[in-house]
Amino acid sequence: MGQSVHYLGLIPLFPLMGAVFIGLLHVFTCKNAKLPEKVYGLLACVGPVLSFVMALKVFFQLKALPVDARFLSHNAFTWFSVGDLHINMGFLADPLSCLMLLFVTLIGSLIHIYSIGYMSGDKNYGKFFAYMNLFLGSMLVLVLGDSPVVMFVGWEGVGLCSYLLISFYSEDTNNVLAGNKAFIVNRIGDLGFVLGMSFLFWGIGASGFDYLSLKANIHHLTPAIALTVCLLLFVGATGKSAQIPLYVWLPDAMAGPTPVSALIHAATMVTAGVYMVARFSFLYAHVELAGDIVAWVGILTALLAAIFGMFQNDIKKVLAYSTVSQLGYMFAGVGVAAYSAGIFHVFTHAFFKALLFLGAGSVIYAMHHEQNIWKMGGLKAKMPKTYLTMVIGALALAGCPPFSGFFSKDEILFSALATGHYGIWAVGLLVACMTAYYTFRMIFVVFHGEPRDQHAFDHAKESPAVMTVPLIILAVGAAFAGFLNMPGVQTVSHWLAPSLTEHHPHASSFVLVFAMATSIVAFLVGIKIAYSKFGKGAAEPVFSGFEKFAYNKFYVDELYNAVIVQPYKAVGSSIWKTIEPNVTDGPVKAVTRLYMMIGTAFKVFQVGYVRIYAIYMIVGLSLMSLFLSQSLN
Amino acid sequence: MFAHVLSVIIFLPIIAGLLLLATPASRNIARFTGMIVSLAALVLSLDLYMGFQSTGHLEFVENIPWIASLGVSYALGVDGISLFILMAGSVLLPMVYFVFATKEKGYYANLLIVQGAMAGAVCAADMILFYIFWEVMLLPVFFMLGLYGGPKRLPATLKITLYTIAGSLLMLAAIVYLGVSYHAQFNEWSFALDKMAQLNLSGRVAAVAFFGFMIAFAIKIPLFPFHTWLPDAYTEAPTATTFVLSAIMAKIGVYGVIRFVVPVFDQEFARFAVLLAYSGVIGMMYCGIAAITQKDFKRMLAFSSASHMGIIALGVFCMNVQALTGSIYQIVAHATSTGVLFLFAGILEERTQTRTISDLGGIAAKAPVFALYFAIAMLASVGLPGTSGFIGEFMIILGAVKFNTAVGVLAGTTLIIGVCYMLWMFQRVFFEKATPKSENFKDFSLIEGLAFLPVIILIIVMGVYPQPFLSKITPSTALQFASAAPVVAQAASATNAHLPELTIEQK
Amino acid sequence: MIHSYLYLSIILFCLGIVGVISRRNVFTVFMSIELMLNAANLAFVAFARVHESMDGHVLAMMVMAVAAAEAALALAVVILLHKHKSKLDTNVFSLLKG
Amino acid sequence: MTNDLMLLMPLIIVGAGAILLMLSSAYQKLTHEMAAYGSALVFAVAFLVQLSACITGNAVLFSGAFNGLLVASSFSKAAGLIILACGFFTAMSSHTYFKQNDFCSPEYYSLMVFAASGMLLLTMAQELITVFIALEIMSLAIYILVGYDRKNVISTEAVLKYLMLGAFAGAFLTMGAAFVYGATGSTKFVKIAQYVAAHGFMQTPALIGGSFFILVAFLFKAAAFPFHAWVVDVYDGASVPVTGYMATGLKTAIFAVFANFLVLDASLQSGWITYLFYIAVFTMFVGNLIAIGQQSLKRMLAASGIVHTGYLLIALVAVSTKDFTGSVIAYYLAAYAASTLGIFCALSYLGGAGEKRSTFDDFKGLAKSRPYSAAAVSVFLLSMAGIPPTAGFMGKFYIITSAIEAGQVTLAVLGIVSSIISMWYYLRLIINMYFCEAEEQFGEAVPSNLAPICTFVLVVCVFAISLYPVVI
């Protein structure tokens with residue numbers, strides 16, 4: 001069996017401690033004595049980097065182990081234990097979590113470094129890094145947790161941090177509202193998660209509620225419960241990973257600072273859902289139906305988001321929708337039981353999407369926080385590093401061979417095809433084409449053609465090294481990460497095999513080639529259309545008809561607002577204004593009123609005439625004697 | 001650890017309070033007396049906590065015959081269930097004297113009396129004694145509410161008092177009924193708690209007695225639809241009173257259910273559990289949804305408190321050890337989170353002279369420490385993992401799912417409902433731009449910061465490492481089901497009958 | 001034989017009751033009450049004959065004595081009433097009510 | 001023999017004291033203060049003697065001599081104690097009361113002692129005519145006390161009502177006694193009991209009718225529905241100390257004899273139990289409903305007196321005729337007497353000249369001007385409302401226990417309901433005293449300290465009785 005190593009606990013602990021420390025520092029110094037930003041910057045990067053080193057240690061230690069026993073575990077303490085319910089604060093590092101661990105810490109560290117530059121001059125500099133560290137810590141708990149409940153701690157923790165960071169510029173109401181939206185929508189998902197856990201516990205949790213025991217007892221679960229659990233957990237996933245119908249929060253989440261969007265809302269947190277499904281592969285693998293539902297929801301989300309993405313003007317919004325759409329891919333992947341493919345896409349996506357966001361951030365930084373792509377243009381000349389790196393990212397996202405995105409996406413499409421999910425494959429292909437289109441639409445509009453806003457253009461300049469270096473590192477990753485799981489090589493798949501329950505479909509090499517070819521074609525078509533429309537620079541289009549409809553995201557937000565939010569508030573106020581005083585409190589009020597009425601009415605009987613009192617006596621007396629005579633005979 | 005520690009914890013504050021009332025002491029003397037006495041009580045109860053053996057049975061028992069002819073005795077004792085409510089009181093109340101420095105003498109005196117009375121109600125092992133403390137508990141609240149309450153205090157005072165007394169008098173009848181039927185069955189007079197469990201009651205009168213108890217507790221908790229006194233009372237009451245009401249007194253209602261109803265009326269309880277569970281969960285949703293439209297943050301907190309009490313009560317009605325333990329844990333968690341929130345609300349009100357949410361804003365920027373504390377307490381009350389709020393809520397939902405799927409699912413919605421109104425309020429009060437009222441808001445002084453620090457730490461500790469606390473609770477809760485297991489079990493399975501495809505096979 | 005005495009006493013008693021509840025003059029009311037007491041006395045005496053014991057007669061005496069005391073007080077009250085309102089109608093004296 | 005004398009001694013002391021006071025009040029020199037102290041002394045001595053008598057065992061007095069007319073049971077002794085205490089405190093409070101009101105003369109106190117002697121006799125009476133005479137001794141004295149303020153038309157009206165209806169009821173008592181005598185050939189309780197045991201109760205119409213009339217008389221004096229109407233007016237018209245005296249001492253005596261009569265025989269009690277049941281219920285609720293609407297404190301207290309009569313009737317319904325100790329009734333009477341007397345004590349010095357402070361509104365803001373008195377009054381009110389840890393609660397607790405034990409669950413629950421209803425008008429006064437601002441000012445000068453002292457003694461009693469329920 002795998003061995004127990006104590007430093008696992010430290011991995012999340014470093015950033016968390018960092019968060020507490022920085023947070024206190026900030027709280028106690030922000031009023032009077034301002035600390036130099038350098039201090040915060042350095043403090044902030046210590047935690048993530050240390051965790052990354054630890055992660056590497058874990059990786060090598062795992063590598064050393066025999067394949068069938070590749071997991072390290074550490075049981076910090078009994079968290080809570082009541083009746084059959086035993087939950088340990090335990091951590092588990094197996095190949096799956098190790099992979100996540102590596103790229104989360106790596107990208108986390110990079111983005112921290114990047115933020116030192118990006119956030120410079122912000123008055124809540126310290127607070128920002130405290131939140132970032134807190135986030136990283138929670139994310140690591142999520143990844144390393146050895147039971148659903150511990151995972152849930154991280155799950156909620158990252159949700160909290162996302163809330164705090166989205167509403168980071170809390171002066172502006174819209175940001176805060178976006179934050180609330182994110183938290184509440186996530187909570188809706190969490191409800192599913194909690195209920196899922198509950199059912200799972202009453203199903204098979206009695207004999208250990210950590211993944212290994214669950215995996216061992218999974219066959220005891222009745223199909224009905226299994227399906228319920230799968231779907232409920234998936235509800236959780238849709239919340240966290242922005243799938244239909246809960247994807248609405250992610251685009252708004254772009255209100256946060258760009259590094260946040262890169263780290264939380266692109267690279268790491270939003271992929272937690274996929275990770276969770278992969279974690280529960282032993283469960284999902286048993287329930288075909290659940291898998292199909294997941295796959296279809298995923299691919300449809302991909303399609304929808306791609307459609308929206310094609311018509312956005314805000315550079316971050318474009319990326320946001322592309323994130324949603326890529327997440328859709330991942331779910332499609334895990335849905336068709338190609339868990340390694342899904343996770344691999346998570347892995348590559350982390351690189352190129354983080355890259356794109358940071359690049360976008362760099363652009364925004366240069367353009368003095370202008371985000372509308374139609375105010376940009378021709379920046380290629382001004383900021384070459386950013387341009388190059390972003391193009392690499394774009395190619396990876398668009399799935400151009402041999403960049404990383406190509407292999408991972410192709411893997412998913414191939415698995416869909418191989419497992420006979422032709423519909424999913426077809427839609428996926430379409431989405432691939434659209435992805436290529438909107439990605440390069442963005443690239444062309446931002447970097448090519450003539451500058452649209454001369455003034456901003458003149459002031460624009462390349463970002464400092466502290467921002468560009470991470471870009472370059474990520475670019476390398478985005479470019480070459482794909483080779484890790486090239487068809488034929490399959491390093492990652494093999495690496496993940498021990499912790500996933502999947503059987504690779506044995507499809508003919510023709511299918512493989514066909515899949516590759518089609519996706520390459522899709523990419524080419526997409527980029528072609530994009531070039532023809534925007535390659536030479538184009539004016540801001542005026543949307544009409546379907547375009548307008550898509551530009552406004554099919555009015556889904558408005559729909560939700562009208563169907564859910566407003567009614568909820570209406571119910572609330574009606575309870576408070578109408579039901580409470582009249583219905584619930586009605587009886588009480590009525591009794592009181594009656595009481596007083598009778599009280600006053602009764603004074604009438606005290607007429608004050610002594611004769612009447614005598615008559616009362618006689619009447620009472622005669623009534624009594626009447627009853628008496630009846631009772632006698 | 002000496003013999004009569006419980007009596008001291010109970011009567012030291014009461015006597016101190018009465019002396020304060022009787023003597024023309026100045027308000028400062030009153031405050032310091034309160035501080036010292038409540039700290040003394042805290043020390044004693046910590047001592048108690050350390051000495052607690054967690055056998056599951058009553059410990060530190062004192063038993064002195066009082067009314068021999070009716071077997072009424074002065075009997076005290078604590079077990080894992082009562083211990084924590086006692087502790088919650090002892091830990092939380094000293095804060096009040098630190099935070100509120102400039103109140104009347106009677107304010108502090110009444111606080112002392114109510115502290116003692118609540119301790120008595122929790123420790124009483126004889127039903128008559130319990131009833132006496134239960135009623136005495138109300139009087140200081142009555143006076144504080146009437147004397148130091150807000151402008152519309154009189155109706156609120158009358159409502160809470162009459163409502164509660166009405167309930168508890170019915171309980172008195174039920175208690176007497178139990179005593180008499182014990183006399184009838186075992187032919188000796190006794191009102192001792194542990195003996196009542198041996199009673200086997202059945203028939204219409206038993207059901208009536210059951211409701212006699214249940215209504216009294218339902219009003220105190222308050223359980224939907226008996227909660228209508230709550231919003232006015234909580235809003236009009238002076239902060240400390242609201243704090244006492246929400247943090248501890250409401251919990252004693254739940255405690256009553258666990259301690260009196262479950263063991264004695266096991267059949268009736270099993271019969272009506274579903275009904276009660278639904279009323280709990282409906283109350284949770286009803287008040288939670290009502291909370292979101294409140295203009296006044298104190299009232300909003302009042303509704304949120306009612307909503308949480310609904311879920312806590314639900315935990316008791318679910319008839320499995322997880323849920324029960326969960327709700328006891330949640331009792332403490334809620335005391336530390338919502339109780340403290342009420343104190344913060346009081347501070348907010350005193351410093352801004354307003355209770356209207358829309359008058360405030362941007363306080364996070366003005367007062368980071370206050371904001372931090374508030375945020376932590378708030379997150380605990382919405383049950384974020386890592387805070388005390390999560391453990392209990394999770395176990396309650398878990399248990400509810402086992403008990404009845406529909407109830408479980410509805411109970412789960414507390415995750416969403418809670419977060420809605422809390423974030424809504426937090427956004428308007430702490431974020432956004434500062435308003436004239438809030439722009440020179442003073443942050444915590446060092447004293448205040450330190451006064452609240454223990455509780456804030458407690459919130460975190462209870463979330464991160466709850467096991468030490470739970471290990472003191474579980475023996476008692478397990479015992480609860482050891483007694484009434486068969487009935488409860490079959491009832492629990494019966495409740496899930498309506499969805500057979502989901503009946504979970506326990507291995 | 002005894003029965004006729006009883007009938008008489010009962011009739012007197014009822015007359016007394018009717019007097020109390022029907023008449024408004026204080027004097028008449030008190031007289032009716034005396035009537036009732038005497039009805040009782042009659043019954044006592046009659047029963048004494050039935051039981052052939054002196055108790056009844058003694059009792060009647062005592063009742064008379066008490067009745068006399070009561071009557072004395074009643075007269076005093078009547079005088080007071082007349083002083084206050086110079087009327088003896090009971091309905092006049094209804095300040096205390098409600 | 002000495003033991004018997006010992007047991008009869010209180011009665012003798014009180015009787016003698018009354019006569020002495022009456023005679024000595026012919027002297028000009030005797031001021032009514034002195035008379036007050038004198039009467040207080042008489043009550044105190046009698047009380048102590050009674051107390052010592054309680055410690056010695058109980059017996060039938062002079063079974064030879066008095067032919068078993070009087071019996072000193074533990075119950076009658078307890079009742080006697082209560083009555084004497086009431087007398088004492090009333091004397092004290094009247095002393096203070098008459099500092100502010102000027103229609104007093106020494107005879108007042110002697111009449112009070114006369115009334116007390118009547119009450120004592122009533123508690124011990126075991127024979128119908130003795131009952132009648134004792135009742136009249138008591139009532140005549142009380143009539144005079146009620147109408148003592150001759151200048152005041154109100155009090156005259158009160159005495160008219162009381163006297164007329166009282167005499168009316170008295171006539172019923174005599175008629176009842178006559179019938180019972182006719183049926184059983186004796187008026188002695190013992191003989192009656194023997195007769196009933198031999199022939200049964202329901203078989204003799206004359207007996208039924210007779211006992212019915214007797215009950216009517218008792219119910220009237222105890223102010224039970226439907227014979228309650230006079231109470232409110234008479235209490236209102238009488239002067240405060242007298243009202244207190246009537247509400248406590250008189251009621252104690254009446255319930256003592258009522259119980260003694262009712263427990264003659266099981267069949268007799270069971271014959272009336274259904275009627276008492278309904279009367280009790282109606283008495284409680286009617287009393288409450290009258291009390292709700294009242295503005296004057298005295299009238300409210302009178303009405304609440306009706307309600308308490310209802311509770312006592314519950315106890316009567318629940319008494320077991322076999323081993324009758326009357327402890328529940330005695331305890332409740334003690335508790336009720338302590339709190340009621342307390343309030344009237346307080347009123348006697350709070351009321352001011354001519355009982356100016358009488359309505360609920362007059363008591364607004366009392367907690368500010370007279371914190372301790374307000375506190376005391378609140379304690380008494382809470383005791384009447386039956387809030388622990390006061391004596392009132394314990395009394396109610398015992399009554400409910402005995403009722404449920406006797407299988408009268410419905411009655412017990414109705415009692416509870418009525419006490420819920422009664423909460424409001426007790427709390428109302430507390431709210432006025434504490435939570436409202438004073439509307440008009442009253443001269444708060446205390447003429448003498450006796451009444452305040454008594455008030456606080458009674459506060460102590462209220463708690464002491466509840467914490468050490470020695471009676472039970």
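Two strands are taken to pair if DSSP finds at least two bridges between them. Helices (H or I, at least four residues) and strands (E, at least two) are themselves DSSP runs, numbered from the N terminus. In chain A, an open sheet of three strands has the order S1-S2-S3, with mixed pairing. Strand S1 (3-4) and strand S3 (85-93) of chain A are at the edges, each with a single partner strand, so one side of each lacks a neighbour in the sheet. Strand S2 (residues 72-82) of chain A runs antiparallel to S3(A), and nine bridges join the two. Within S3(A), His86(A) is the residue opposite Ser81(A).

This is a predicted model, in which local features need pLDDT of at least 70, side-chain atom pairs count only at pLDDT 80 or more, and totals for chains, interfaces and linings use all residues. Residues are numbered from 1 along each chain as its sequence is written, while chains are lettered from A and ligands numbered from 1 in the order in which they are written. The model scores ipTM 0.90 and pTM 0.91. For pLDDT, the predictor's confidence in each residue from 0 to 100, chain B has a mean of 88, with 94% of its residues at 70 or more. The mean for chain D is 89, and 96% of its residues reach 70 or more. Residues 485-507 of chain B stay under 50. For that stretch the model has 32 contacts beyond four places in sequence, two residues being in contact if their C-beta atoms, placed from the backbone, lie within 7 Å.

Five pairs of chains are in contact, and chains A and B share the most contacts. Here 51 residues of chain A meet 48 residues of chain B. On the chain A side, S2, helix H5 (148-166), helix H6 (173-204), helix H8 (223-240) and helix H25 (556-584) give two or more residues. H6(A) gives the most, with 16 residues. The residues of this side divide into 28 nonpolar, 16 polar and seven charged (Ala, Val, Leu, Ile, Met, Phe, Trp, Tyr, Cys and Pro count as nonpolar, Asp, Glu, Lys and Arg as charged, and the others, Gly among them, as polar).

The contact includes Gly167(B), Ala174(B) and Tyr177(B) of H6(B), and Ala209(B), Gly212(B) and Phe213(B) of H8(B). Its residues comprise 13 nonpolar, four polar and one charged.

Chain B has no contact with chain C, and their closest C-alpha atoms lie 25 Å apart. Chain C has three helices and zero strands. Its C-alpha trace spans about 50 × 25 × 25 Å along the principal axes. The radius of gyration of chain C is 17 Å, whereas a compact globule of 98 residues would have one near 13 Å (taken over C-alpha atoms, with a globule rule of 2.2 Å times the number of residues to the power 0.38).

Chain C does touch chain D, where 31 residues of chain D are in contact with 32 residues of chain C. Helix H5 (128-146), helix H6 (153-184) and helix H9 (229-237) of chain D each supply at least two residues of the chain D side. H6(D) provides the largest share, 18 residues. The chain D side divides into 19 nonpolar, seven polar and five charged residues.
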